[in-house]
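Subject: Structure handover

Hello,

Here is the structure we talked about passing on. Please open it first, then read the notes below.

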Amino acid sequence: MPVVMDADRIGRTLTRIAHEIVERNRGVKDLALVGVRTRGDHLARRLARTLHEITGDEVPTGALDITLYRDDLMRHAVGPQPLVRRTEIPFSIDDRKILLVDDVLYTGRTTRAALDALIDFGRPRSIQLIVLVDRGHRELPIKADYVGKNLPTSFEESVQVYLQESDDRDEVVLQGGAA
Amino acid sequence: MKRLLKGGRVIDPVNGIDGMHDVLLDGDRIAAVGKDLPVDGATVVAVPAGMIVCPGFIDMHVHLREPGQEHKETVATGTASAVAGGFTAVACMPNTSPVNDNANVTGYILAKAAEAGLARVYPIGAVSRGSKGDLLADIAELRQAGCVAITDDGHPVATAMLLRRAMEYAGMFGMLVIEHCEDPSLKADGVAHEGFHAARLGLRGMPGACEALGVERGVLLSELTGSAFHVAHMSARTSLRAVRKGKDAGIRVTCEVAPHHFTLTDESLGSPIPYDTNTKMNPPLREAADRDAMIAGIVDGSVDVIATDHAPHHADEKHVEFDRAPFGIVGLETAVSLTLDRLVHSGLITLPRMVQLLSANPARLLGVPGGSLSVGQPADITVIAPDLRVRVAARELRSKSKNTPFDGWELRGGVAATIVGGRPVFENPDAAIAFG
Amino acid sequence: MSSSVSAAASERVAATLLRSRHLLGIEDLSPEEIILILDTAEAMKEIGSRSIKKVPALRGKTVVNLFFEPSTRTRTSFEIAEKRLSADTLSIAIASSSVVKGETLADTVLNLEAMHPDMIVLRHASSGACHLLSRICRSAIINAGDGMHEHPTQALLDAFTIREHKSRLAGLKVAIVGDLLHSRVLRSNVQLLTKMGAEVWVCGPPTLIPTEITRFGVRATSDVNQAVADADVVMLLRIQLERMEGAFFPSLREYFNVFGMTDARLKHAKPDVLIMHPGPMNRGVEIASEVADGPFSVILEQVSNGVAVRMAVLYLLAGGVEHETAA
């Protein structure tokens, strides 16, 4: 199982993305971070810390559970219902520039669900997408604004992101496929 | 025609017979019982080893539903069910529509029974007109028409005064008064035994005391009037206590217990099928201590009779919410198997005791023929196969109704053949006897 | 960091699924399944605080609310829950009088089923009505109260409310006071609270205490002060005025004098006691207004939480499959 990003690399990548955010938005005014549960949430909180270190400003940060917006929900009555976790967006997203954070961008379906969910919270001025890994194979017209690493993969492979907050280590691993 | 039953164990407690004997039937009467009887032109019926020849079983508590509720049962289907269950005679309750409170209804039932030509039918008349609890029915007329006892079964006799008068009046003919013992105010709108399971399932309860109050009343009135009093379908341990006390005091009280009350408890309300309406009957399935007391009473002789309280109901009537369903289950075709499996094979009672409970005692209490193999008695015989493996299948019951909680049960012991008036009226294909 | 991970692991004792495709009663649920429902309800509660209180989870699902008994609160709560999940809903109130006219419950429901609903929420006056339907229906059955048997979503919303305030259920002393005999709320709450390790006391006049109630693992008393002493939660049950007076106790006035919850009686409870009532309340009978409207009352929170809990149940059962695996 090849490790494609280690802890050090993840750290430097997030710092780089934070700088890009500041540069592209000319500061952090009106920005807010929303992480897609679970690991996007962890990444959003790390970015908020880094942005604070860089600019001295607090960026409001929330967590979004997209389960109830999944397009495969109830489609096939097999297996248990996916677990629903709390969505916590303790600020108004109206007229803010939302930075949507997820760990892996793949088919784009999760991002579609997240966009729908966000719109239910209000009318942001814009939404920018941040992903740690873009592994390709998009099935919807969705593109990330900030990418930690572009990782070409095959369908048989899977990309697993491990983060200290939930997994005891920082690591991105490419699993499966032709070894 | 003569038939000679050869090779079976013959049990006739009235005559103290229990052993390998032959039984000679001449026409519709018993002609002789003895060892190695001469064939003398009779048709020999070989009874396979292990089978038992008994005087015909008599179920003194059956609802045949005719006239008036023929969608549940008719005299023909009910007596077909009876003979398939080993009963050569049944006593049928008067709560038909119209109520059997006059000679016309009695005559109608007897005519239907003769037409069916299966089990003997002994109608039981109503205590009160329409079983309404106001005025006495024409008891002498009922007796003359063929009724063997009186009861307002389905309900208790409405008042103590009416019950007293009925016992005094019927006592004149030596007619038994059979009572559905229950205090209606204590029963209220109860649908199940008041206990843990009813509490858990949210079902309105009726306590055992509700029945025992009715038993106590009847025992006191039996003492007062000197007439016989019979407790129908006894279920509560407090009722049994009242019966025992009465018997000890020399009061003429007797009682019967139904197979479901010595087999099941109120736990069946919740499992295997929660709220199964085939576990709803009145009196209800009671708690284990009551069930165990019924068994103890059967064992020690306090209980006189096993009777089924066969209460057929149409599937549509039972396929409703528990509290809307009618009370009652069918019992004729499972009684003998349950008695053998639960009481005989478990070593609680002997086969002769079983024959007393199912034949000799009900015959004596009702004052009807049968109950023994004495010469000159009707040639009514039940042949049982005590080790036959029986699987109860509700769908295959002869009764018009299939409302049994025993569907799918596997039991040890069954009926091999039933002979009424010298004529085989039921032969179990799983335990074939060649009647020739 | 590892300590926070293990803390997260220990709090996740929730099951990952509900084994049954119906919710007939709390009796059938394991503690892990109860936690799953309560945890899911927490996520659902947040949806109610949004400006657009709607998620597409149950889009295309049809839910029939079939109420054979009058009910405003429970039916409204289910309807709102269904709508927030984007289900198509249909509420049918059938007076029991029309049932008397002939059609059986089974026929009524099979007729509805012919129109292919996915779930049926049933309120019925007969205990076991939901069990009967679960044997003949293709749809998932959710019990919204069956006779005197169970009212599982009420107990779940009660537990949710308690957990929000006390952050646990285990070890709490919960006193339930009122008409125990006829109460489906009692039966569901007793099942739930004892499963979750609470210490449950039930209290009422002996005429209203079910037989062998202590076999459920609760303590029973007719001394209201004993029941309330050091209680973390006091739950009052409705006294059904029409059938009680003269039959189960002499008068409503006397009931209030002996069992009514007043500030004076509450002094025996813990200082942060919660006062709960499943509604509808009879002020001045089982509860004094000073208590119902007092600082410890969470009665209206119970109503709000009902929507979240029902959303959770609807969502978790919407998959519609029976799961063999143990929770």
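The largest nonpolar core has 164 residues, and C:Val177, C:Val234 and C:Leu314 touch the most other members. Such a core is a set of buried Ala, Val, Leu, Ile, Met, Phe, Trp, Tyr and Cys residues joined through C-beta atoms within 7 Å. Buried means that 20 or more other C-beta atoms lie within 10 Å of a residue's own; exposed means 12 or fewer, partly exposed lies in between, and C-beta atoms are placed from the backbone. H14(C) gives the most to this core: eleven residues. Apart from this core lies another, of 126 residues, including B:Val243 and B:Ala416.

This is a predicted model: local features need pLDDT of at least 70, side-chain atom pairs count only at pLDDT 80 or more, and totals for chains, interfaces and linings use all residues. Residues are numbered from 1 along each chain as its sequence is written, while chains are lettered from A and ligands numbered from 1 in the order in which they are written.

Back to C:Val234. Leaving out residues up to four places away in sequence, C:Val234 touches C:Ala175, C:Val177, C:Val228, C:Met261, C:Ala269, C:Val273 and C:Ile275. Contact here means C-beta atoms, placed from the backbone, within 7 Å.

Next, the chain contacts. Chain C puts 23 residues in contact with 19 residues of chain A. Helices H1 (2-11), H2 (31-47) and H14 (299-317) of chain C each give two or more residues to that side. Helices (H or I, at least four residues) and strands (E, at least two) are DSSP runs, numbered from the N terminus. H2(C) has the largest share, four residues. By class, this side of chain C has twelve nonpolar, seven polar and four charged residues. Ala, Val, Leu, Ile, Met, Phe, Trp, Tyr, Cys and Pro count as nonpolar, Asp, Glu, Lys and Arg as charged, and the others, Gly among them, as polar.

Chain C also meets chain B: 19 residues of chain C are in contact with 16 of chain B. On the chain C side, H6(C) gives the most, with three residues.

Finally, chain B itself. Its domain assignment gives domain 1 (2-52 + 379-431) and domain 2 (56-366); such bounds come from an automatic or database assignment. The C-alpha centres of the two domains lie 25 Å apart.

Best wishes

Notes. Two residues are in contact if their C-beta atoms, placed from the backbone, lie within 7 Å.
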